[in-house]
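Look over the two chains below.

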Amino acid sequence: MSDQRGTDGVRSGSGDTRPPDSPVITEPVRLLVPLVLTFGLYTAFHGTSSVGGGFQGGVVVAAGLILLAFAFGVTKTRDWLDRPAMVALATAGVIAIVAVAAGPLAFGGTFFDLSAYPFPKAVVYGIELVELGIATTVAATVLLLFLELAGGDDA
Amino acid sequence: MTPTLVSLLLVLLLAAGVAVALFRDPLAAVVAFGIYSLALAMLWSVFRAPDVALTEAAVGAGVTTALFLVVIARTSGRSAETVRSRSTVRGRSLLVVGAFVALAAWTVPALPAVGDPSAPAFQRVAPAYLARTPDLGVANVVTAVLVFFRGFDTFGEVVVVFVAGVAVLAVFRREVSA
């Protein structure tokens, strides 16, 4: 539907100001993006009890925000999803996974042996924390890839 | 798992794959590639692999299409020349592709049936995963395998994704100061 339109949006999004897209594009996106983000977060958090996980959830969240960039312009999207924030989030996700995985070492377990934590349901909470880390890194990295590839040199 | 649906999806996959190869217009090829990914996602969900289907739909049809679109927009784009020129298929290429497909198709009868419980893949660690997962309090075996039993592999994959982001920043010579 919006392929031709999308390419134009990205092309002129790098640098110069462009007229806003027609409401035919922006209104459905405005309605759709909250649903996509909710579904993405649900997928990421609900991986232990239903389909999905951090990777899928992270990609769905990133795809929802990319949809926003197609409708409202890459430059505008980059204004609030700036590079330092994305890099910080991607790094934080990896560090969170390492922290959760290294924790069992303190309780006599091995690296990534989540059952060594002396809490009830430690494995479930451990898996969910790792999923959260995966989702953060994946979403931030996908957005970083998209915004860097779409952006002009002045970005 | 209805054979008719599977056959229809396979025909769609084949048609989309051939279309990607034959389209001269990059934009049309990207759209055909998105159709290919969606058909593949539907096939995975028919085969009851919803986790893989979700990944294929989100990554293959969603993010990859968007990345291709922005790259096309930033590079040559569609010139009237490429759009108008007819795609030609060389006889030699057709011969090599045909031989490769025939070779691959020759091995297909040796594969176990879909979902066959006596398949080699279900013999070694899979029963242990299935037996231990309920004790963990995790309902989705795929998640338990990914994050608990094979957590180290998944950690490596996340680092690969992270490195991809770092590589793009390095290629564009962008530096991030705190």
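**Confidence first**

pLDDT is the predictor's confidence in each residue, from 0 to 100. Helices are DSSP runs (H or I, at least four residues), and strands are too (E, at least two), numbered from the N terminus.

This is a predicted model: local features need pLDDT of at least 70, side-chain atom pairs count only at pLDDT 80 or more, and totals for chains, interfaces and linings use all residues. Residues are numbered from 1 along each chain as its sequence is written, chains are lettered from A and ligands numbered from 1 in the order in which they are written, and side-chain values use heavy atoms, with hydrogens and water left out.

Chain B averages a pLDDT of 85, and 90% of its residues score at least 70. Chain A averages 80, with 85% of residues at 70 or above. Residues 1-16 of chain A stay under 50; the model has 28 contacts for them beyond four places in sequence. A contact means heavy atoms within 4.5 Å. For the complex, the predictor gives an ipTM of 0.81 and a pTM of 0.82.

Chain B is assigned domain 1 (1-111) and domain 2 (117-178). Such bounds come from an automatic or database domain assignment. The domain centres, taken over C-alpha atoms, are 26 Å apart.

Now the interface. Chain A puts 52 residues into the contact and chain B 43. About 4,200 Å² is buried between them, and carbon and sulfur atoms give 78% of that area. Buried area is the accessible area (1.4 Å probe) that two parts lose on being put together, summed over both. On the chain B side, α2 (26-46), α3 (50-74), α7 (141-149) and α8 (151-171) each supply at least two residues. The largest share, 14 residues, comes from α3(B).

What about charge? Across the interface of chain B and chain A, zero salt bridges are found. A salt bridge is a side-chain nitrogen of Lys or Arg within 4 Å of a carboxyl oxygen of Asp or Glu. Over all chains the count is three. In one salt bridge, Arg30(A) meets Glu27(A) at 3.3 Å, N to O. These two residues are three apart in helix α2 (residues 23-45) of chain A, so about one helical turn separates them.
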